[in-house]
Amino acid sequence: MSTPADVFAPAKLGPVTLRNRTIKSATFEARTPNGLVSDDLIEYHRLPAAGGVGMTTVAYCAVSPGGRTEGNGLWMRPEAVPGLRRLTDAVHAEGAAVSAQIGHAGPVANAKSNKATALAPVRFFNPIGMRFARKATRDDIDDVTAAHADAALLAIDAGFDAVEIHLGHNYLASAFLSPLINRRDDEFGGSLENRAKVARGLVMAVRRAVDMRGAGRIAVTAKLNMTDGVRGGISTEEALTTAKWLQDDGGLDAIELTAGSSLVNPMYLFHGDAPIKQFAAAFKPPLSWGMRMTGKKFLREYPYREAYLLRHAKLFRAELTMPLILLGGITNRETMDLAMAEGFQFVAMGRALLAEPDLINRIVADGDRHSVHSACTHCNQCMATIYSRTYCVVTGAPDSAR
């Protein structure tokens, strides 16, 4: 057996070399009040870069106005490039790489807040915006595909080292993959091969655009659901088949494995406490009333444990040869070493770095003592702060910029 990789040694991600194998995963920042980069957003990503992470991921860079989750979200256009360049320069100055998560929110998009039409595989009601998403036509799908390619090129112009294509959480591509949501009977519905056409098309459009600009300029990754965690949704078996197709297509340098649905089962991604009271307080009536009454059904609790997605992810590691990024419950050196021993090339961290942007530096300085433990309590109250300004309610970090 080969010796497991050192999580803190430099590693190649496609054409890019990261200083270590840790990645700050995309966690919606709510720090783009005008749909553009703010100093606050720059500081949000500079902090984990200064704290030792190999790469930080900017979320969520929508490919179109209607693809945003809400109206203040950043979307990729020429006007956004100068601010994004300031952000990438700040991250690079700290020695880290930076990725842009690009995607279309699909049925998760708040059409009312966006003041733009939302798209879905079928007509779909979004209770947050109290609007219906329109059934996407073939022309809509072509437009979204082209917008992903354009967004990747803008990411190159802005100095990003990678783009992460969002194929998870029942955003548009994931909604097409889901047999629960996608009830179409045309070329994009029915069989998994048909339902996977949107996801595969987005990836290859981005790959072609990046290679035309000059191969080796930027890494291309994707975030893919291993399961939605709900009956009738994306199953592990179908997700594994999709992952194999993506691998064979050759458009990706790595896949970040995720789970859960922003529409029907968000806690399957997070695990830990369900912040029902905090979510209810984030909304106005009648949504706040509905959350208080039915929140336990929507925010189903799953006990937290370290590497809680590893059981699913090992199935993918056993069947795929391409680099994989393990997400979910990565908070200490032992878990990172476990991920390396199981054959994963990178680990992605969200809440732990939200609580302590300098966690990586502290773990490195700790050496082999393994005495550093994350301050994250998995209370998940940070989830509700995405509707105002994302931060850790336990430590207050990253919260230095205003």
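Guide: Helices (H or I, at least four residues) and strands (E, at least two) are DSSP runs, numbered from the N terminus. This is a predicted model, in which local features need pLDDT of at least 70 and side-chain atom pairs count only at pLDDT 80 or more, while totals for chains, interfaces and linings use all residues. Residues are numbered from 1 along each chain as its sequence is written, and side-chain values use heavy atoms, with hydrogens and water left out.

Visitor: Which strand does β3 (residues 22–24) join, and in which sense do the two run?

Guide: Two strands pair if DSSP finds at least two bridges between them. Here β3 is joined to β13 by three bridges, and the two run parallel; Lys24 stands opposite Met349.

Visitor: How many bridges pair β12 (residues 324–327) with β13?

Guide: Three bridges pair β12 with β13, again in the parallel sense. Across this pairing, Leu327 stands opposite Ala348.

Visitor: What unit do β12, helix α13 (residues 333–341) and β13 make?

Guide: A crossover is right-handed if, with the strands pointing away from the viewer, the path from the first strand over the helix to the second runs clockwise. Accordingly, β12, α13 and β13 make a right-handed β-α-β unit.
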